[in-house]
Amino acid sequence: GRTSTKYSEVRSSMQSIFDEIIVNSFREVVEKSIAEFFSGKGLSAFQQEYRDGMNEIGTFIQQRLIEFIDQELVEDPSLREDWVIERRNDEKTILSPFGPVVFKRTYFRNKTTGKYAYLADRLVGYTPHQRLDTLLEADLLEEVVNKSFRKSGESLEKQARGTSVSGQTVLNVVRKFEPEQIEIKEKFKVKKKCQIIYIEADEDHVAHQGKGTRAFEQRLVYVHEGRRRVGKDRYELIGKKYFTFEPGTKTEYIWNTIWQYLDDTYELAETEHIFILGDGASWIKAGAEYIPCSTYVLDGFHLRMAILRAAGDNEDNRQALAHVIWAGKRTKMNHLLQNFHADAKEESRKETIRSVYKYLNNHWGAIQARWHYQHLLVGCSAEGHVSHILSARLSSRPMAWSYYGANQMAHLRVHRANNVDLHKIYLEQSGRHKKQIVNGVLPKASVTILAKAAGASFETFGNIPSLRTGRRSYQPLLRQISNASLHL
C-alpha cells in the first residue's frame, strides 16, 4: 500500500512537471518562432528560433530525467542495497547534443566496500570525469573525418548553442575510439565467385610533426572486381574494400591481411586472375610473392609519367618511346633512352633520363605483363584513391602528423570509404564500456513511471489553446500562411 501510494504520488508529480513546464515551454517556443516569421525576418529566423527553443526543452527534460532517477534512489533504499547517502545536490554539467545540461545528484558510499559513487550517473552511463555526452562525441567523430580537429569542435555549435569544444577535445575522442583497432568483417553465407580480382596499392607521403624529420608513408591497399560506368566519364569500382597500414608495417603482415580477406570473401578456386597493380615500390611488388597465382602489373599512370619524364617537352620523343614500350621492344627502348641522354645538355636532364632508364628496366617484367593482359585490365586508379581517401585529410593541407595520429585518421577515412557506420559503432562501443548498474539491479520502476508520465503528458498537448481550433488558436493563422503561399 505505502509503496503503491508513493509511486502514485511520484507519477502525479512527474506528470505535473511535464504538463505545466514542458507544455508551456513548447507553447512559448511556437509563439516566439511564429512571431519571428511575421516580424519580417522570414522562414530562416522562424527555424532558428524553433530549433533553439526545442534544444532548450531537450536540456530541461534530460536534467529532470537524471534528477528523477536520483530522487528515486534516495527515497527507495531497496534500489541501492549497501549504499548510503554521503552528500546531496552535487552539481554536474554535461555537454549534450542539445547544449549544456546542468543537474544535481546524490553522492553515495558503499558500507561494505567503502567506495563512493554517483549512482544516478552510473545508471545513465556517465563516467566519473565525463564532460561530453556520448552522442555528442559520436557526432564529433563523424565531423572529424572530413574536417580539422578545430573546425570539427566548432561545427556542432550551428545545431545547438553551447556545444562548441576545442580541437584537443575532438582529438581525445578519436584517441578513445581507437579506429585502428576496429575490424569489420563482412559475413557472406556463400563466398563470392569472381573470375578476375584486382588489388591496387600506393602510399601517401605525410609530413612529420618533428622539425627536420622526413615525411613518412601511410599505405593504402584496396581490392575490387572491376568497374562499371556511372556517368559519361565516370566509373565506380565493384565490390571495393580498402585497407590502410601505418609506417613500419611489415610487408608480410600487409599481404597476409589482404590474402586473408581474399580467402574469406572469394571462392578462389573459381578465380582465373589476380592482378596486383602499383608504382613499382618494393612492398607492392612483394604482393605477388605472398598472393598465390597473382601477377604484378606496373600501373599505367606511373608508366606514362616515366615516359613524360624521359622525353621532356619533346612530343616526337614521347611518342617514339611510348610506341616501343607498348610494343614490348626493350632493346629499342634502351637505345632511344641512350639517345635522349646523349642529346641532353643539362646535367639535371641527364640524371632524370638515367633514373627513368633504371626504373623501366627494373620493372620490365611488370610492363610486359601490362601489355600481355591489357585486354583484362581496367586501369589503375590508386593515385586518385590515395588522393581522395588519405591525402585530402593528411597531406593536401599544410599540416604535420605523428605516426599514431595519421594512422588513426587514415583508418577513420578508410572505414568511411568502406561504408562503416562510425557513429553507430562508437555508441555501441561506449555502451559496452559504460554498462554499469547498481548491485546488478536496474530500477525498472523508474523507466515505467517516466514512460507513463510522458505518455500522459503527450495527451495534454491537445489542450494547448494555441494548438486547438478556435479564434485564439494558430490553426487559422497557419491556414492563412498556407493560402498566401498558394498565391505567390
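Predicted model: local features only at pLDDT ≥ 70, side-chain atom pairs only at ≥ 80, totals over all residues.
Reader: OK. What percentage of the residues is buried?

Author: Of the 488 residues in the chain, 43% are buried.

Reader: And how many helices and strands are there?

Author: There are 19 helices and 10 strands in the chain.

Reader: What share of the contacts links residues 24 or more positions apart?

Author: Counting contacts in the chain with a separation of 6 or more, 66% are between residues 24 or more positions apart.

Reader: Let's look at a sheet. In what order do β1, β2 and β3 sit?

Author: The order is β1-β2-β3, in an open sheet of three strands with antiparallel pairing. The edges are taken by β1 and β3 (116-117), each with a single partner strand, so one side of each has no neighbour in the sheet.

Reader: Which helix packs on that sheet?

Author: Helix α2, residues 43-75, packs on it and touches β1 and β2. The direction of α2 makes about 10° with that of β2.

Reader: How many bridges pair β1 with β2?

Author: They pair over 11 bridges, in the antiparallel sense. To find a spot on the model, look at Leu95, which stands opposite Pro100 in β2.

Reader: What holds strands of a sheet together in general?

Author: Strands pair through backbone hydrogen bonds, and the pairing can be parallel or antiparallel.

Reader: Switching to charges. How many salt bridges are there?

Author: The count comes to 16 salt bridges. One of them is between Glu86 and Arg109, whose closest N and O atoms are 3.5 Å apart. Glu86 lies in strand β1 (residues 83-96) and Arg109 in strand β2 (residues 99-110), so this pair ties together parts that are 23 residues apart in sequence.

Reader: Which residue does Arg318 meet in a salt bridge?

Author: Arg318 meets Glu315, with 2.4 Å from N to O. Both are in helix α11 (residues 315-326), where being three residues apart puts about one helical turn between them. Arg318 has a relative accessible area of 26%, so it is partly exposed. Glu315 is partly exposed too, at 39% relative accessibility. Elsewhere, salt bridges with shared partners join Glu347, Glu351 and Arg354 into one network.

Reader: What about Lys41, which residue does it bridge to?

Author: The side chain of Lys41 forms a salt bridge with that of Glu36, at 3.6 Å from N to O. Lys41 has 51% relative accessibility, so it counts as exposed, the cut-off being over 50%.

Reader: Back to strands. How many residues of β8 are buried?

Author: Five of the five residues in β8 (residues 241-245) are buried. Lys241, Phe243 and Phe245 are on one side, with Tyr242 and Thr244 on the other, and both faces are covered.

Reader: How does strand β5 run relative to β8?

Author: Strand β5, residues 216-224, runs antiparallel to β8, and five bridges join the two. Within that pairing, Arg219 has Phe245 in β8 as its bridge partner. Phe245 is also one of the buried residues on β8.

How values were computed
Residues numbered from 1 in each chain as written. Heavy atoms only, no water. Salt bridge = Lys/Arg side-chain N within 4 Å of Asp/Glu carboxyl O. Buried < 20%, exposed > 50% of the residue type's maximum accessible area, 1.4 Å probe, protein only. Helix = DSSP H or I, 4+ residues; strand = E, 2+ residues; numbered from the N terminus. Pairing = 2+ DSSP bridges. Contact = heavy atoms within 4.5 Å. Axes fitted to C-alpha atoms, helices over the stretch in contact; angles between N-to-C directions.
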